[in-house]
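Open the model in your viewer and follow the stops below in order.

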Amino acid sequence: MIAELGLAALWLAAALAALQLVTGFLAVKESGGEMAVLVRPAAMVQGLLCAAAFVMLLWLFVITDLSVKLVAMNSHSDKPLIFKLSGAWGNHEGSMLLWITVMALAGGLIALLERRLPERTMMATLGAQAFVGLGFYAFLLFSSNPFERLPQPAVEGLGLNPLLQDIGLAMHPPTLYFGYVGLSVAFSFAVGALLTRQVNPDFARAMRPWVLGAWIFLTLGITAGSYWAYYELGWGGWWFWDPVENASLMPWLAATALLHSASVLAARDALRVWTIMLGVVAFSMSMVGTFLVRSGILTSVHAFAVDPERGTFILALLAIYIGGALVLFALRAGSIAEGDRFSVSSREGALVVNNVMLSAILGIVLLGTLYPLLTEAFDVRVSVGPPYFNPVGAVFVFPMLIVMAVGPLLRWRQDDWQRVKRPLIATGLVTLATLVLAMMPGSIDLLPLLGLAFATGLAIASFLPLRGRALLRVPLATWGMVIAHFGIAVALFGMASESAFSQEKLAAVKVGESTRVGPWQVALAGVEPVAGPNWTAIEGRLLAMHDGGEAIELDPQARNFWAPPQETTESALATRWNGQLYAVIGNEAGQGRWQLRLWWKPFVTFIWYGGLLVALGGLLALIGRLSADLKRRAVYARAEARQRGVHA
Amino acid sequence: MRFWWWIPLALFALFLGVAAYQLTQPKDEFVPSTMVGQPLPDFDLRAAHPDRPGLTTADFRDGRPRLLNIWASWCLPCIAEAPHLETLRREGVDIVGIAIRDRPEDVARFLATHGNPYSRIGADDLSEVQLGIGSSGVPETFVIDGQGIIRHQHIGDVRAEHVAVLLEKLQEAAE
């Protein structure tokens, strides 16, 4: 019964989306005015129905209803409750339902809360949102029904795979989905504004919180994904320029650019067409990323369940959404005035440069990711990796870092370089001094060298906008910017330090012997076989001492899984404030010696601390913007009430 | 000026075209080695099993073509291909093996259970030789000619229908 209710709710939601689409677009034409009253309620009820369907699915997983195919395939009555719940979205059908639910709830929220936009643009936006939603409803209802029953209830579920019982794995996809859905809202705003040609600061203010929210989730998703790859893959690297990683990086780059150009539009009514374009591009990147990952069209180190049919479907959706939006863009962009002019030496000028740099980096990553796809069409297999991405990306990253340091100090519209000369020269000198200092050992490569210097400079520069201000009165959004920029400096420092100062030691040691890596003395205290539910492993017991301090125990494992047969390394980490010791054990090397691979990675953790700081900055900015909006709304309401009082 | 607004759409159409074309192509998961036609890299592997000598590059330069089988005791498809390797051995083919990331006792147990078609077995503990040859998984089987040059690569387990193909490739390598 629950499953049928869920399916019914989903069908009703889809029907409401169709209603929302038709009435929304009719309302854009003046003549469809009387239908317009239906659009907002349709969006809100659709959100509620989807939420209800998703709760039904969660409930089916909680009670382990084995007559439902999805539950039987992906759950088990003995699973801990938290993994029963996460099992609901840890599969294709459930994750699609989660996606559409978040999207419908977002549509409902816009309908409920957004009052700044002109009504016609609002209707067009909700119509576009319904249009995007309908594609996913079709996919879910016609080919991926999560509520499908089995002809005979299963005796027990199949989903007790302990490998998938990982809280990080359970939370990672929803995090990215929230990001992608947020960008779909920005896309709907962009399409809505294109339809009515009403691109103005109110449009940017309405869109901005959604972009910010999406951007926070994407930042968290990328940071967590990078740390996962670092400790799980056992190669000691934290970014591999793998298609799956790039698929999450590209929407982030586009969203970052969009965030900044929306700020220019909101504050100065400039960059109208550019902001619209980025709104379309940001969502395109999340769809392209999803397509590349799910269709299996590119070979990736991350194993993913792939299905060509799903790939075809996502590609068709891509063609309709993005193709449609780009046609609309080509037809309308010329008739949207470019907005206010500004001088190069102004806040807007700096933001434009930042946007160009971010777009260039996005282009580089996109090209590198798609290049193998292109050459494979001519039967040439290539793999594009760090030798391309790092130096080519750096050409644009370092100029962008300079703009990041300078831009926030400039005033809007027009500024005089003389005003900001002194702090900037001081920061430049510190950067130069760091560079010279880092060059002393003479063994550090160019990119890490520049990274160390620029990270130091940016870390100082990011706080300069607070100079001479009463800190308690600085708006939350400005604090957000300061902290996010500082977070970039921290992450950059971690990356540069990891690459410049990492020490690696590959040794074959007997039990009782020890070896050194960096400031660490590591002794192999024992090696034991251990067994898990579907694997056996060799576990090393290492005692690591940092500069003769207290010994820390590390237990790295080399695991052999038997179904499917697969060898994995479980690395062990010792974290200090100034870096991490990373240990991997290999096989026996003969004569009772064991292969140990050890890395000392100074300040490597700063990469992820930096990522968290960036997300925190985004959160502060979001809270700041939302509370300012609420305040403004309250002021307007009071003014209106007063006016009415005067007239009465 | 109008023309510029269509560029994003044109780029997107290009991507769409390539992606759609690639989707219709059968997906080939195998990564062919770029080392085919090249001499074997230099290596000197200790014996993986007490009954058989280890393996060095020099062993391939005796003028006789042979099969180089990359396998491991922990690999299930290797069990499936064992009888077919045995067939090849009975046909008079010299087969040498490289055991990847393996332990002597496991190797011994595997060979005792599934038969031992190898005249030499080297132990490659870190997959270094495997990667050097351009093999990306186990099992893989290479045809090496009498001068130590890689002539053919077979990816995946050797099945009954592959036996004749490998014999033919060995014949070609001998000419």
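How many residues does the contact take from chain A and from chain B? It takes 31 residues from chain A and 23 residues from chain B, two residues being in contact if their C-beta atoms, placed from the backbone, lie within 7 Å.

This is a predicted model, in which local features need pLDDT of at least 70 and side-chain atom pairs count only at pLDDT 80 or more, while totals for chains, interfaces and linings use all residues. Residues are numbered from 1 along each chain as its sequence is written, and chains are lettered from A and ligands numbered from 1 in the order in which they are written.

**Stop 1: the side of chain A that touches chain B.** Select H10 (272–295), H11 (308–332), H12 (347–376), S7 (565–570) and S9 (579–588) of chain A, the elements that each give two or more residues to this side. Helices (H or I, at least four residues) and strands (E, at least two) are DSSP runs, numbered from the N terminus. H11(A) gives the largest share, eleven residues.

**Stop 2: Val18(B).** Select Val18(B), in helix H1 (residues 7–24) of chain B. Val18(B) counts as partly exposed because it has 16 C-beta neighbours inside 10 Å (buried means 20 or more other C-beta atoms within 10 Å of its own, exposed 12 or fewer, partly exposed in between; C-beta atoms are placed from the backbone). Leaving aside neighbours within four places in sequence, Val18(B) is in contact with Leu373(A), Leu374(A) and Ala377(A). Now pick Ile7(B), eleven residues from Val18(B) along the chain: their C-alpha atoms are separated by 17 Å.
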